Amino acid sequence: MNINIQRTEKPRPKPDDSNLQFGKIFTDHMFVMDYNPEQGWHDARIVPYGPLNYDPATAVFHYGQAIFEGMKAYAAPDGSIQLFRPEENMRRLNQSNDRICIPPVDEGFALEAVKTLVDVDRDWVPQAEGTSLYIRPFIIATDAFLGLRVSQTYQFIIILSPVAAYYPQGINPVNIYVETEYVRAVRGGTGYAKTAGNYAASLKAQQKAAAKGYVQVLWLDGVEQKYVEEVGAMNVFFQIGDEVITPPLEGSILPGITRESVMELLRSWNVQVSERRLSMEELSQAYKDGQLVEAFGTGTAAVISPIGELCWGSEIIKISEETGPLAKRLYSTLTGIQTGAEADPFGWIVKL
Ligand SMILES: *Cc1c(COP(=O)(O)O)cnc(C)c1O
């Protein structure tokens, strides 16, 4: 399939690299592709960025049949633009599609669409240290029909947003509220899919934690509320003694690409990594025994987000006021590879 490119006649002024935020400013162009049962995915095009126009009965507004991805492009010192493991995002896009009955996209073509769009807007990739171009592919159900059923038609859209460095003041631990009332996902549900409804469902707990002065929520399993699952929209790792533990992918946890990369890095450093269930009881006991060494979240936005303390009911588990050595090393290695400051021994980078 060809990608038809219609360039804007009114390029917008680019923001100052040193004054970016997250997800507020968008580039000159967007990618759009349609689906219907007769033609499959068709009419792939890059058009000027702008508002979309939908019938009020459009399925996605009512029943949330929508999925998304999140990835970043970085300006490398050699003048190229680097994507980090983008094939993994396209694979996960189809896993999310499958869970909520959206027809699959051709993963190779979807990656081609990302690369072509980033190339068209390559002048928008910010250059300042720590900044990047955030890439947001998403798919929505577009039938104008109020009946609850699988939509017949869809749109696949990609938009781009230059974003600020996540840690302008340097990487520092954040405090986390362990949520014991609301749950994010259960096994058999949609937790492993990047589908819109999961995030709507998480807002209430996020708001509650914020009101108590915490930056993020630590989610527990949806069945017993006993085992650790994720922190906000990040995967989570705990170091107890010499063992680094992250919860296993059993359907309720989002399979993070940063999570996977962290495990591969740790193994390459001969650090013992376990994907296993970890209860709050075990964490609390490890803390009391002086064995809880480090904790951090992982995700595309922050890469590594160290955890300072956990508030679990009446208990405060103080991990550290400073970023631990493992989190520091992971952060500098991963961001080094992503930005091209360091070599890529794993073959994770796609250049354009
Ligand atoms: C996107 C996401 C992650 C992190 O995935 P990455 O591929 O590492 O960015 C973790 N948890 C949730 C709930 C997410 O939505």
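**Terms and their grounds**

Modeller: Let us begin with Asn270, which is found in the loop between helix H5 (257-268) and strand S14 (272-275); helices (H or I, at least four residues) and strands (E, at least two) are DSSP runs, numbered from the N terminus. The model is a predicted one, in which local features need pLDDT of at least 70 and side-chain atom pairs count only at pLDDT 80 or more, while totals for chains, interfaces and linings use all residues. Residues are numbered from 1 along each chain as its sequence is written, and side-chain values use heavy atoms, with hydrogens and water left out.

Biologist: Why does Asn270 count as exposed?

Modeller: Exposed means over 50% relative accessible area, buried under 20%, and partly exposed in between (1.4 Å probe, protein chains only). Asn270 has 73% relative accessibility, and therefore it counts as exposed. Asn270 also has a positive phi of about 60°, although it is not a glycine.

Biologist: What makes Cys101 partly exposed?

Modeller: Its relative accessibility is 44%, so Cys101 counts as partly exposed. Cys101 belongs to the loop between helix H2 (86-99) and helix H3 (107-120), and its phi, near 60°, is a positive value in a residue other than glycine.

Biologist: Why is Arg184 called buried?

Modeller: Arg184 has a relative accessible area of 12%, so it is buried. Arg184 is placed in the loop between strand S9 (174-178) and helix H4 (196-211).

Biologist: With which side chain does the side chain of Arg184 make a polar contact?

Modeller: It is that of Glu230, at 3.0 Å. A polar contact is a pair of N or O atoms within 3.5 Å; within protein, one must be able to donate a hydrogen and the other to accept it, and residues adjacent in sequence count only if both atoms are side-chain atoms.

Biologist: Which residues come nearest to the ligand?

Modeller: Of the 14 residues around the ligand, those coming nearest are Lys194, Tyr199, Glu230, Thr258 and Thr300. A residue is near a molecule or strand if one of its heavy atoms lies within 4 Å of it.

Biologist: How far from an oxygen atom of the ligand is an N or O atom in the side chain of Tyr199?

Modeller: That distance is 2.4 Å for Tyr199. For an N or O atom in the side chain of Lys194, the distance to an oxygen atom of the ligand is 2.7 Å, and for a polar side-chain atom of Arg92 it is 2.8 Å. The protein covers 96% of the 380 Å² of accessible area that the ligand has on its own; such areas come from the Shrake-Rupley method with a 1.4 Å probe, and for residues only the protein chains shown count as cover.

Biologist: Why do Ile157 and Ile176 count as buried?

Modeller: Ile157 has 0% relative accessibility and so counts as buried; Ile176, at 1%, therefore counts as buried too. Ile157 is in strand S8 (residues 154-163), and Ile176 is in strand S9. Ile176 and Gly213 are 37 residues apart in sequence and 8.9 Å apart in space, C-alpha to C-alpha.
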